[in-house]
Structure formats: structure tokens, C-alpha cells
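Good morning, everyone, and thank you for letting me take a few minutes today.

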Amino acid sequence: MKSVEIQNVTTEYSKLTQKDITDLRLKIDAKAFEKSYFKTWFWLSFDLICFVLFMLALIKSSHWYSIVLFAILAGIAASGMFVLAHDAAHGSLFKNKWVAEIIGTIFMLPALNSYRLWCFGHNRIHHGFTSFTPIDWIWRPLSIDEYKKLGILAKIEYRIERSLFGSGLHYIIKVWWSKMVMFVPPDLQESKQRAIRIGKLIVVVYMLTIMAVFYHFNGIFAAICAVLIPFIVFNYVISIIIYLHHTHPQIPFFDERAEWNHTIGAVFCTTVIHTNWLVDKFITHDILIHTPHHADIRIPFYRLTTALRSIKQNYSEYIHEYKLTLPTLFYIFKSCKLYDYKQHVWYNFKVLKSVIIKDAKHV
């Protein structure tokens, strides 16, 4: 088997089994938790204004290519808005829960996501059990045996999702459709169920309103583009971001509770990624500096670098930090296809040829 087909995960994380997440949080600089309402409202205003301006430009565009261009830019702005809504959902931007909910609801609308329903899955499941795959299912890699048992269409879907150019499909199918559109949380009080139904209705009303307005002023093509293209762009941006947050040839996933704890999930199963000033500040709002966010969700996006410095003073050997380039991006997507949960080894799809040959020899 060629070396490119296999990626051995470092076992440094085993030392973290003795460390409690509370110890990590106590070592974070107190300044990392300070709220700045100026920074909060500045970035909220900036993202919202950008989105509105791009949508206004779209509604006034007379050429198909300018309509598509401004719809793409609106999708990028919507991605930034979603990051801010994400922080609002964690309570890191506002002390008042209702202010957070109103802002979060509005800022998730261009992504066609329901704020209440998204909080239900993200806050409890993803942050509660990061990379423990029996519970945290997003971007869960299949093992070789699991992949072999799939039908042809399911295999094709899995391959498309775990490619750079098809990664947006993962968020659309696994998160948006399954957990936003079709999902009804079980065992909730009627008042909470009603709030979730209202949240879904708000998204539908937003979508229909945008389509009606754009159809009236600029026709059916603009109406479709105004909803569909920002939605698709958002799904690609957020899906790649989440993938990079927790996927790397040196980062493990776990299916055995005895091997995993919250400190491992927060520190060793997250990444710190640097791109450039434009992407870091204006598009992702530093959310690619992800380890501090999982260490403590109360840290606002504009304090993540401050928190990282104090975390690195005590946990630097466990942090996966790198500069993102296109070759690195392609390498990660190429390497992390299938996962051996027992040996903690990553494989790409070339390993399947070796498995087929091995199986044939035993026939």
C-alpha cells in the first residue's frame, strides 16, 4: 500500500484523558470573555449592510451574469451573518436571550436556517460530544466496512460529499434537509414545539417574500437566483468551514466512549487555521480559530485570538494549527475519506482497491 493511501493519527491525545475541561477553561485569560458591544454591533451592521447592498444590486441588474455575481456575493455575506448568528446562539454576544434570538433568527434567514432548530442540534450535540461519532454525526467518516455495505447510490453520494467540489451537498442533505426541514425534536414541551414551528414558518415567509419582490422588480430568473444562489454559496462555505474545523489527517474520530472525553474533543479534535486578513476578519470572523470556541463557547468571535494565546501556554502540543493554502486544502480532502476507528488511521479511496484484491484472494 502506497504511503499516500494511509494517514496514521498521532496518539498524543491519550494524555488528555486525564485532563478535565474545567481545568482548561480556568486557564483562559479573563479578557477573552469580555463583551464589546461596539465590535458586536459594528460587525452585525457591516454584514447586514453588505448583504442588503448586494441584494439591491441584484434586483437592479439587467444582465444574467451580474445577477449571478451579486447573488454569489450575497451568499458570501450570508455566510458571515450566519457566523454571527452562531455566536449569538452561544450567548457570547448578548446577555439578553431575546436579543440574541431576534438577531440570530434574522441573520440565519438568508441561509434558510431556523435559529431555534439549529440551536437544538448544534449546542447540545456538536458541542456536547465533539467528534464522538455515535452522537456527533456531522462530517462523520465511514469505516471501510461501513462504506462497503452501502448501496451504489449511497456510495456515490458519500464520495461526492467528501470531495471539495461536492462538500456543500453534505450540509444540504445531512443538516439542512434532515435536521432543519424534516426534523421534529422529540419529547419537547408544546410551547417549544410551537416555537420551532414558528421558526420554520418564518423561514418559509422570508423565502416567499424575497421571491415575490424580486419577481415583481426583475423577473423569475432574478427571483430564483436571489434565494437559491445565496443558499448554495452559504452551504458550500459553511460546510467546508465545519469540515476543516474537525477534519485533518492528524485528527481522530471516536466511536468508543472510553477513548474520548470533552477535553480531547475540544482541544485535539479541533483546528486553528490561518488564511489571510480578508477571509479571517470579513468572511469567517475568526471562526477558523476554532479551538478556543470549543474550549468555552462564551468567548466572542473577536476574542478568539486572545483566548488562543492563553490556551497555547498550557496545551500547545495538542493544538492542530496551520496556514491554509490550496495545496493543503486539496491534501486534506484527498487524505480523509475513510476512517479506521480501532487503529485510528485515515485512508483515501485508493485503499478500496487493496481491499478488493485481498477479498478476492480469500474467495
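Predicted model: local features only at pLDDT ≥ 70, side-chain atom pairs only at ≥ 80, totals over all residues.

Let me begin with F46, which counts as partly exposed because its relative accessibility is 27%.

How many aromatic pairs does a search of the whole structure find? The search finds 31 of them. In the pair made by F42 and F46, the ring centres lie 6.3 Å apart and the planes meet at 20°, so this pair is stacked. Ring pairs also link F42 and F46 into a cluster with F38, W43, W277 and F282.

Now please turn to W176, which is buried, with a relative accessible area of 17%, whereas W177 is partly exposed, at 44%.

Some rings also have a charged side chain over them: the charged end of R159 sits over the ring of F349, 4.0 Å from its centre, and K179 lies over the face of F183, at 5.1 Å from the ring centre.

Finally, on the surface there is a nonpolar patch, formed by W64, Y65, Y215, I220, F221, I224, L228 and I232, which together have about 860 Å² of accessible area. The elements that give two or more residues to this patch are α3 and α9, and α9 gives the most, with six residues.

Technical notes
Residues numbered from 1 in each chain as written. Heavy atoms only, no water. Patch = residues over 30% accessible without salt bridge, like charges linked within 9 Å, V, L, I, M, F, W, Y side chains within 5 Å. Areas by Shrake-Rupley, 256 points an atom, 1.4 Å probe, with all protein chains shown as cover. Salt bridge = Lys/Arg side-chain N within 4 Å of Asp/Glu carboxyl O. Helix = DSSP H or I, 4+ residues; strand = E, 2+ residues; numbered from the N terminus. Phe/Tyr/Trp six-rings, centres within 6.5 Å; stacked < 30°, edge-to-face > 60°. Buried < 20%, exposed > 50% of the residue type's maximum accessible area, 1.4 Å probe, protein only. Lys NZ or Arg CZ within 6 Å of the ring centre and 35° of its normal.
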